[in-house]
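Good morning, and thank you for coming.

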Amino acid sequence: MSKNLKIAELSAWSIENIDRPLIIGGPCSAETEEQVLETARGIKAAGIPIFRAGIWKPRTRPNSFEGIGAQGLIWLQKVKAETGMLTATEVANAKHVELALGAGVDILWIGARTTVNPFAVQEIADALRGKDIPVLVKNPINPDLELWIGAIERLSAVGITKLAAIHRGFSTYQKLKYRNDPQWQIPIEMKRRLPNLPMFCDPSHITGDRAFLDEVTQKSMDLNYEGLIIESHCKPEEAWSDAKQQLTPKSLEELLANLVLRDPEADNEVINNTLGELRHLIDDFDQKLLELLENRMQVAKTIGHYKKENNITVLQNKRWGQILEKSLENGKKKGFSEQFINNLFKAIHQESINQQEDIMNS
Ligand SMILES: O=C(O)C(=O)C[C@]1(C(=O)O)C=C[C@@H](O)C=C1
């Protein structure tokens with residue numbers, strides 16, 4: 001079904017002078033009327049066309065600030081009236097949709113904790129039936145691409161065409177450099193599956209720390225994302241939620257000015273020919289890689305038959321540990337990341353186990 005989704009281009013979002021990337025900026029949460037309006041004036045001055053503010057905040061633990069509620073919608077109306085920016089907020093149920101639409105909010109997004117729940121997404125979709133409003137869908141907190149696509153499909157099925165995805169990274173219990181694990185291969189696969197769906201990066205939630213915003217934002221531009229949603233607060237240190245990841249509108253303007261924007265494709269024969277030759281080399285190597293893996297698998301299958309005859313288990317834990325350790329050491333010398341070597345060899349080992357298992361049980 002996904003391939004047939006009717007997805008409008010960003011140019012249909014009724015924004016004047018639409019730039020690439022399309023930027024949505026504003027505070028994590030609406031806190032007070034003054035904070036919303038002061039931040040909005042800075043966001044407007046930074047040349048950003050869409051103002052965001054969370055009104056209802058799904059928080060991990062109770063007793064945190066859970067959003068100002070419907071009164072914040074009036075502040076968003078004031079932002080729109082004063083600055084002319086479009087406004088955007090998060091909705092998590094049908095009531096939120098009704099109140100946000102009633103207050104004239106222009107753009108809605110569905111948060112990561114809502115995308116995980118098909119009941120909630122369906123409820124929102126039903127409330128949006130027949131409305132022609134842009135809706136952005138954040139990735140679910142768990143790295144489940146099908147769930148993410150499923151939410152897009154539910155909105156598409158009620159006639160929403162102004163759809164986009166937001167990549168905000170995936171929750172992890174591991175201690176990583178960023179608060180969320182970006183798992184860039186997931187939005188890349190999303191782009192492969194739904195090439196017309198605009199992809200926004202949310203570097204604020206990926207990093208959880210304004211110190212890393214620039215590198216993650218730049219990476220998203222190099223992966224050809226169409227938009228950015230970034231948290232900005234007039235006084236970040238005093239923010240009632242996510243203080244560490246917000247930056248002033250002025251700093252946001254600087255961050256955007258420093259981005260290097262590259263073309264998705266070259267419009268030049270010499271460049272395309274050079275790329276074509278290099279890609280030919282890659283094709284040859286990919287072919288050789290598969291042949292090597294085929295040869296390795298032949299040996300693993302022979303071992304499988306031998307194990308069957310001699311009643312030996314498929315998994316050889318000690319041997320597998322040695323293989324991984326040696327490969328990590330060799331991989332490091334060749335400049336590969338630990339994560340890559342881990343993923344590669346775990347995949348090879350698993351395939352080996354699966355094929356030996358087939359032999360054992362045939
Ligand atoms: O060494 C073996 O016993 C194998 O079957 C080979 C192999 C591998 O593919 O590397 C596969 C399964 C074992 O757990 C360990 C290693």
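Predicted model: local features only at pLDDT ≥ 70, side-chain atom pairs only at ≥ 80, totals over all residues.

Let us start with the annotation. In UniProt, an unreviewed entry lists residues 269-360 as "domain: Chorismate mutase".

Now consider how two helices pack together. Helix α11 covers residues 269-310 and helix α13 covers residues 338-360. The crossing of α11 past α13 is right-handed. On the α11 side, the contact is made by Met297, Ala300, Lys301, Gly304, His305, Lys307 and Lys308. On the α13 side, the residues are Ser352, Gln355, Gln356, Ile359 and Met360. By class, this contact of α11 with α13 holds 4 nonpolar, 5 polar and 3 charged residues.

We come next to the ligand. Which residues are around the ligand? They are Ala300, Ile303, Leu315, Gln316, Arg319, Trp320, Ile323, His349, Ser352, Ile353 and Gln356. Please note that Ala300, Ser352 and Gln356 are also among the residues in the contact between α11 and α13. Three helices, α11, α12 (317-333) and α13, each supply at least two residues of the shell. Of these, α13 gives the largest share, with 4 residues. Sorted by class, the shell around the ligand has 6 nonpolar, 4 polar and 1 charged residues.

Helix α1 (residues 33-45) and helix α2 (residues 71-83) have axes that come within 10 Å and cross at roughly 35°. This crossing of α1 and α2 is right-handed. In α1, Glu33, Val36, Leu37, Ala40, Arg41 and Lys44 meet Trp75, Lys78, Val79 and Thr83 of α2. The contact of α1 with α2 divides into 5 nonpolar, 1 polar and 4 charged residues.

Finally, I would draw your attention to two details of the backbone. Arg20 and Pro21 are joined by a cis peptide bond, with omega about 0°. Pro21 is located in the segment before β1 (22-26). The other detail is Asn63, which has a positive phi of about 70° although it is not a glycine. Where does Asn63 lie? Asn63 is in the loop between β2 (50-52) and α2.

Thank you for your attention.

Notes: Residues numbered from 1 in each chain as written. Axes fitted to C-alpha atoms, helices over the stretch in contact; angles between N-to-C directions. Left-handed = near helix turned anticlockwise from the far one by under 90°. Contact = placed C-beta atoms within 7 Å. Nonpolar A, V, L, I, M, F, W, Y, C, P; charged D, E, K, R; others polar. Near = placed C-beta within 6 Å. UniProt positions renumbered as here; feature names shortened; annotations may be inferred.
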